[in-house]
Amino acid sequence: MFRGVGTAIVTPFKNGEIDFEAYEKLVNYQLEGGINALIVLGTTGEAPTVSDTEREKLILKTLELVNGRIPVIVGAGTNSTEKTLKLVKQAEDLGANGVLVVTPYYNKPTQEGLYQHYKYISERTDLKIIVYNVPGRTGVNVLPETTARIAAELKNVVGIKEANGDIDQIDRTVSLAKSARSDFMVWSGNDDRAFYLLCAGGDGVISVASNVAPKQIVNLCSEFFNGNLEKSREIHRKFRPLMKALFVETNPIPVKAALYLMGFIENELRLPLVPASEKTMELLRGTLKECGLL
């Protein structure tokens, strides 16, 4: 689907509505930065607070702005298999290139339940599907053996966004999944783990930090793929403070604050999320300056 950086883009709001003017500027900033894919309506895009009507408008606007230059992947996961399928079919009907499907949260399925969830969806769509494993948010963890089973048996499931912070699990997931199917892709779901995932044989990152630093995160991956390990590590070390700062409060609170400081969007979120504290704003101002972004 893509190798490198996919930006999990924020959804800008202004006076309670989606700010499509700001969104267009942000999408163009991503394209100019050379990102390899755009993920809309994920966690970073505050999908749970976006209405069905807004959802359709945002997907169509993204497809219009991108105009086929990179894949547009739509967040479509819920904790109901049928509801998830409905969102997947909507993305398919609107022309998206793929869907990101988070594991069902709250109801805590077993490993067999997780496999059956993705099997049910994959048998009812031609879209490419990315599994999203983020145990810290969902309360359920896709084990490496389950990922390998999905890779081996579900052909339109093309990869996994792995946001488990356990480096050993990341290593085992890459190894087992690629042994099961060589073209199965593994992306880091944590910016500060992306460099290590690349070293383990992964394929890139679905990034929050690239909202504010698309060119730099793209360079981190491209230098690695070109064999320039030292340069890639240097970029990782330089931008690691930014990667950490963007998660001092619940994502996407800090990244929206950072984009506000950079002049891209209003610092507005929808409840139950609220804008960053002044302490976080001060941290972000300093970090953005140190990274040459402000």
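**Around the barrel, pair by pair**

Colleague: Let's start with Gly4: which residue in E10 stands opposite Gly4?
Modeller: Keep in mind that this is a predicted model. Gly4 lies in strand E1, residues 4–8, and E1 pairs with strand E10, residues 204–207, in the parallel sense over 4 bridges. Look across to E10 from Gly4 and you land on Gly204.

Colleague: In what order do the strands close into a barrel?
Modeller: The protein has 12 helices and 10 strands, and 8 strands make the barrel, with parallel pairing. From one strand to the next, the twist averages 25°.

Colleague: Take E8. Which residue in E8 is the bridge partner of Ile129?
Modeller: Strand E7 covers residues 128–133, and E7 pairs with E8 in the parallel sense over 5 bridges. Follow that pairing from Ile129 and the partner in E8 is Val157.

Colleague: And which residue in E9 is the bridge partner of Ile160?
Modeller: E8 also pairs with strand E9, residues 185–188, again in the parallel sense, over 4 bridges. The partner of Ile160 in E9 is Val186.

Colleague: How many residues of E8 are buried?
Modeller: Here, buried means under 20% relative accessible area. E8 is largely enclosed by the rest of the structure, because the buried count is 6 of the 6.

Colleague: Which elements do the buried residues of H6 pack against?
Modeller: Helix H6 runs over residues 144–153, and its buried residues include Pro144, Thr146 and Ile150. Together, the buried residues of H6 pack against H4 (111–122), E8 (157–162) and H7 (167–180).

Colleague: On to helix H1. How far apart are its end C-alpha atoms?
Modeller: H1 has 13 residues, 20–32, and at 1.5 Å a residue it should span 18 Å. The model agrees with that, since the end C-alpha atoms of H1 are apart by 18 Å.

Colleague: What do the buried residues of H1 pack against?
Modeller: Among the buried residues of H1 are Tyr23, Leu26, Val27 and Leu31. The buried residues of H1 pack against strands E1 and E4 (37–40), and helices H2 (52–66), H9 (214–225) and H11 (253–261).

Colleague: Zooming out, what radius of gyration does the protein have?
Modeller: The C-alpha trace spans about 45 × 45 × 35 Å along its principal axes, and 56% of the 294 residues count as buried. A compact globule with 294 residues would have a radius of gyration near 19 Å, so the protein agrees with that at 18 Å.

Key: Residues are numbered from 1 along each chain as its sequence is written. This is a predicted model: local features need pLDDT of at least 70, side-chain atom pairs count only at pLDDT 80 or more; totals for chains, interfaces and linings use all residues. Side-chain values use heavy atoms; hydrogens and water are left out. Two strands pair if DSSP finds at least two bridges between them. Helices (H or I, at least four residues) and strands (E, at least two) are DSSP runs, numbered from the N terminus. Axes are lines fitted to C-alpha atoms, for helices over the stretch in contact, and angles run from 0 to 180 degrees between N-to-C directions. The radius of gyration is taken over C-alpha atoms; the globule rule is 2.2 Å times the number of residues to the power 0.38. Buried means under 20% relative accessible area, exposed over 50%, partly exposed in between (1.4 Å probe, protein chains only). The expected span of a helix is 1.5 Å times one less than its number of residues. Contact means heavy atoms within 4.5 Å.
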